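User: I'm new to protein structures and I'd like to learn how to read one. Could you walk me through this one, feature by feature?

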Amino acid sequence: MVKIRQVKRVSGKCWTCAYINELRQLKREKESADACKHLMVMHRGGLFMLERIEYRRRIAEAVIHSPNTVMSSIIDGASQNHCTIPHPGTNVEFADGLPQHIEGVLTHGHCFTIYRSFPTVDADADFTIFCLLSELQKWKDAHDGIFPETWYIQIDGGSENANKYLLAALEYLTAKRLCKKIVLTRLPVGHTHEDIDACFGTLAAWFDRVIIQTPDGYKEQIEAAFNGDSTKLKCKVTDVFVVPNYKDFFSPYIDSKFCRYTKKEWTQHQYRFEAVTISTEFPLGSKLTYRKYSSDRVVVIDKKPIFSCTTREGIITGNKNFLFNYVLFITF
Ligand SMILES: [Zn+2]
């Protein structure tokens, strides 16, 4: 009798994790269970841990090695659980409260900023661009008015982040020579838990203990959750009541056929914008390159036609009755 361990539930959908879990349920013999275990180890060590290491490397460059020329930020929205005012405590529900949107931006080595908006401002691409540009402005102010040469930005796959308007805005920054290089990276779907989630965790734990009646009180409590502890980064809340219409500004210049860059197997996880000499090839003086992952080499586990299965795991976990089988291949 083989005991099947349930895969830990994670937010978001990682199709690889889902495939492996499905295989575990379908074929419970020991050999197959072991093969599934190997597949999961390869998925972890060969993909999302490598992406996470690259993310840590970028943070180290910004915080330790080149703090005066390199900036690193991660942006993410808080879940809606604690974002309504009044916040009467954990055991009481308040109907018809005022919803808020809480967007966190962690600029490593600097500050954790909460950009708060109310339903008058949509939490869309314009809002994301506004938050990121505000962070860039703050970094510049803290560095004698000089912009970073390199800016690393980490996002998840939410449509407010992974969209063509943000790409256009970042290209614009390099075309205007504000930054020499900007690298935008996404973590693989379903494996996006990162340091900013620990910040939201601190907030959630704090909000379990407090009762809040007003928007100002909410703001004070967010800052109190962080600023009483000298070991934590400082936190500041910025209220956003209006944002520019970046979408309208950039839309006429974006190729209408540009699409699918955030969809399933076509997803590109890293975009690099570089300021280059103006030429016929780069008329704006900005060069965009992109790649599937930020690591040079990752292991991707995928469904392939049955005759393609050559690895031990693929052969063991496959089933002739299925149209598809599992096979490993390495992408560069
Ligand atoms: Zn996964």
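This is a predicted model: local features need pLDDT of at least 70, side-chain atom pairs count only at pLDDT 80 or more; totals for chains, interfaces and linings use all residues.

User: Let's start with the big picture. Which domains does the domain assignment give?

Analyst: The assignment gives domain 1, made of 10–65 + 305–332, and domain 2, covering 69–291. Notice that domain 1 is written as two stretches of the chain. Taken over C-alpha atoms, the centres of domain 1 and domain 2 are 30 Å apart.

User: How many residues of each domain are in contact with the other?

Analyst: There are 14 residues of domain 1 in contact with 14 residues of domain 2. On the domain 1 side, helix α2 (residues 30–65) gives the most, with nine residues. Sorted by class, that side has nine nonpolar, one polar and four charged residues.

User: Now the sheet. What is the order of its strands?

Analyst: First the general idea: strands of a sheet pair through backbone hydrogen bonds, either parallel or antiparallel. Here you have an open sheet of eight strands, and reading across, the order is β8-β5-β4-β1-β6-β7-β9-β10, with mixed pairing.

User: Which strands are at the edges?

Analyst: Look for strands that pair on one side only: those are β8 (235–239) and β10 (286–291). Ignoring direction, neighbouring strands in this sheet are turned by 20° against each other on average.

User: Can you show me one pair up close? In which sense do β6 and β7 pair?

Analyst: Strand β6 (residues 150–155) and strand β7 (residues 181–186) pair in the parallel sense, over six bridges.

User: How do I read two helices packing together? What is the angle between α5 and α6?

Analyst: Check the angle and the distance between the axes. Helix α5 (residues 195–207) packs with α6 at about 115°, and their axes are 10 Å apart. Angles of 65 to 115 degrees count as roughly perpendicular, so α5 and α6 are roughly perpendicular to each other. Their crossing is right-handed.

User: Which residues meet there?

Analyst: From α5 you have Thr202, Leu203 and Trp206, and they meet Gln221, Ile222, Ala225 and Phe226 in α6. By class, this contact has five nonpolar, two polar and no charged residues.

User: And what about α3 and α4: at what angle do they pack?

Analyst: Helix α3 (residues 125–141) and helix α4 (residues 164–175) pack at about 30°, with their axes 9 Å apart. Since angles under 35 degrees count as roughly parallel, α3 is therefore roughly parallel to α4. The crossing of α3 and α4 is right-handed. In α3, Ala125, Thr128 and Ile129 meet Tyr165, Leu166 and Ala169 of α4. That contact has five nonpolar, one polar and no charged residues.

User: Last topic: the backbone. Which residues does the cis peptide bond join?

Analyst: The cis bond joins Ile85 and Pro86, and omega is about -5° there. You'll find Pro86 in the loop between β2 (84–85) and β3 (98–99).

User: And which residue has a positive phi although it is not a glycine?

Analyst: That's Asp144, with a phi of about 55°. Look for Asp144 in the loop between α3 and β6.

Notes:
Residues are numbered from 1 along each chain as its sequence is written. Two strands pair if DSSP finds at least two bridges between them. Helices (H or I, at least four residues) and strands (E, at least two) are DSSP runs, numbered from the N terminus. Axes are lines fitted to C-alpha atoms, for helices over the stretch in contact, and angles run from 0 to 180 degrees between N-to-C directions. Angles under 35 degrees count as roughly parallel, over 145 as roughly antiparallel, 65 to 115 as roughly perpendicular and the rest as oblique. A crossing is left-handed if the near helix is turned anticlockwise from the far one by less than a right angle, and right-handed if clockwise. Two residues are in contact if their C-beta atoms, placed from the backbone, lie within 7 Å. Ala, Val, Leu, Ile, Met, Phe, Trp, Tyr, Cys and Pro count as nonpolar, Asp, Glu, Lys and Arg as charged, and the others, Gly among them, as polar. Domain bounds come from an automatic or database domain assignment.
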